[in-house]
Amino acid sequence: MLLRNPFTKALRDNRRSMLGWAVSIAAVGTMYAAFWPTMQTPEMADALAAYPEGMLEALNFEDVTSPAGYLGSAVYGLLIPLLVAVFGIAAGARTIAGDEEAGSLDLLLAHPVSRARAALQRFAALLVGLVVTGALLWLALVAIRGPAEFTAVGVGALAAMTLHLVLFGTAFAALAYGVGAATGSRATALGVGAAVAVLGYLANAVLPQVDALAWARDISPFHWYLAGDPLVNGVQVGGVLLLAGFAAVCVAAGTWRFTRRDIAV
Amino acid sequence: MADPAIRTEQLIKTYGRNRGLTGLDLQVETAEVYGFLGPNGAGKSTTIRLLLDLIRPTSGTVRVLGLDPRADGIALRRRIGYLAGDFIVDGRQTGHELLTYLGNLRGGVPKARITELADRLDLDLGRRIKGLSKGNRQKVGVVQAFMHSPELLILDEPTSGLDPFLQQEFVAMVREAKAAGQTVFMSSHVMSEVQQTADRVGIIRDGRLVTVERVEELRERAVRRIEIVFDAAVPADEFTTVAGLSDVTVNGARLSCRLDGRADPLIKAASRYTVVSFLAEEPDLEDLFFTYYERTETDGVAA
């Protein structure tokens, strides 16, 4: 029964939107992956060679001549992580702040539930959405590996990349959740989430092109997500820990503040 | 003596520029119906949100059912039913889904109890809440506040949006709750919303309690219009001298007047004739209520 507690209720309330995101993201990822055979033509290689290197780098579009390189760029490099981040930020901002601004949080908190429990259970439901998204994308890519001619990329490598992707989404969901829980403002949560996503992207892909700014890469969630090339080398412990640690800090700090502040009318 | 149901001492809540509460001393006894009256912005909702631990006091103490809303919030809220004036919930769910969920948060409420209350209020639980009128939405709120028969009902302007028939049903529910030993704390900005049920009314203004009155005493003091029809013409001067009467007019067998205070002298005087009918209007406590406002306001200026 999905009406038992705030966790199952959140799953139930958001089932359509979460499933919509999961299916859309998996569909977009599958579509791009399916283009791989057409990318192997010499014409395409020439066309890409004509782009300035900095621009390709900025688009996380580097080695596109191997299947892993192509998937890492076209699927996992920019578009899919961006969609996952947007999903995480939107859902994270809604978890507490959206409900509070709508005025419907009062009723839940007037019931015998602790604030921390209510908030964390809702966040857990959001995590389920991200995991489902990752799983769906992974299953879709595993299914088209043969037909789309990228069997060189192993099922395990896809799983490692997916784990990184889910944690990347979790980091942004946790950030928006934490800011929303701490401030009660959905706009602030969305704004901070979007700003960190944009700055994180620039810090990983653009700023390091200037040598003096190479350090910026180290504090970018995009770098934690992509560094070490998990699609080739498997799970990268450093990146995983950084993403998970960042998420944990955001969730803990936001929840802590939420249990201590006034709920807005 | 048992703990009062609600007790606040020197309760102060300031937020931003708004003053909220400026030193509220409130005491609500167990098993009484307490009407908490005041104009909009006087601090009624602030008080209620403090009782529920939705907001935290700047200073002062709060005890509800003997517990601290902050430290023992979960145990406390299990024993409370709360209804806000504008009952806001996610409209995508049906009344049944919402009430089942809220019941589960309280450890389960029998389905029969929910159905019984919904039937009583003529509420269709199968419809999505966003498709309900404001009045029907408020009924969902009434059901969730009453369904677990809480020891303490905290009702913030509860009948806003309910039609007169349902307001009567609501009055009956409050009376039953009182008869069952439940305490009811009910806020309103109009006396008429609480005068039928409240034992006492407290008047809040600018964040502090201005006065607390027993409704029975207010009623005794209130002026009401009386009309008596006798079986034959009566002499007017027999009544003009009766204590508490004013505006006496006799039109043949029909006497109309205004009664200030107890009805006994009038009844004694009337009983010397044959009374065909006796009509005493419900006193307008609203008038009295505003008299208080004006008086305290004048006092405030004088002080």
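This is a predicted model: local features need pLDDT of at least 70, side-chain atom pairs count only at pLDDT 80 or more; totals for chains, interfaces and linings use all residues.
Residues are numbered from 1 along each chain as its sequence is written, chains are lettered from A and ligands numbered from 1 in the order in which they are written. Local features need pLDDT of at least 70, side-chain atom pairs count only at pLDDT 80 or more, totals for chains, interfaces and linings use all residues, and side-chain values use heavy atoms, with hydrogens and water left out.

The contact between the two chains (heavy atoms within 4.5 Å) takes 28 residues from chain A and 27 residues from chain B. The size of an interface is often given as the accessible area lost when the parts come together. Here the buried area, which is the accessible area (1.4 Å probe) that two parts lose on being put together, summed over both, is about 2500 Å². Carbon and sulfur atoms give 53% of this area. Leu54(B), Tyr101(B) and Leu105(B) supply 25% of the area that chain B buries against chain A, more than any other three residues.

Across the interface, 15 residue pairs are in polar contact, both residues being at pLDDT 80 or more. A polar contact is a pair of N or O atoms within 3.5 Å; within protein, one must be able to donate a hydrogen and the other to accept it, and residues adjacent in sequence count only if both atoms are side-chain atoms. On the side of chain B that touches chain A, two or more residues come from each of strand E1 (6-15), helix H2 (73-78) and helix H3 (95-105) of chain B. Helices (H or I, at least four residues) and strands (E, at least two) are DSSP runs, numbered from the N terminus. H3(B) gives the most to this side, with six residues.

Three salt bridges cross the interface, a salt bridge being a side-chain nitrogen of Lys or Arg within 4 Å of a carboxyl oxygen of Asp or Glu. One of them joins Lys13(B) to Asp262(A), with the closest N and O atoms 2.5 Å apart. In another, the closest N and O atoms of Arg49(B) and Asp106(A) are 2.4 Å apart. This pair runs from helix H1 (residues 44-51) of chain B to helix H8 (residues 105-109) of chain A. Arg49(B) is buried, with a relative accessible area of 5%, and Asp106(A) is also buried, at 13%; buried means under 20% relative accessible area, exposed over 50%, and partly exposed in between (1.4 Å probe, protein chains only).

The structure holds 20 salt bridges over all chains. Within chain A, Arg122(A) and Asp99(A) form one at 2.7 Å, N to O. Arg122(A) lies in helix H9 (residues 115-144) and Asp99(A) in helix H7 (residues 79-102), 23 residues apart. Arg261(A) and Glu100(A) meet in a salt bridge at 2.7 Å, N to O. Arg261(A) lies in the segment after helix H14 (237-258) of chain A and Glu100(A) in helix H7, so this pair ties together parts that are 161 residues apart in sequence. Both Arg261(A) and Glu100(A) are buried.

A nonpolar core is a set of buried Ala, Val, Leu, Ile, Met, Phe, Trp, Tyr and Cys residues joined through side-chain atoms within 4.5 Å. The largest has 148 residues, of which Tyr76(A), Phe146(B) and Phe185(B) touch the most other members. Helix H10 (residues 155-183) of chain A gives the most to this core, with 16 residues.
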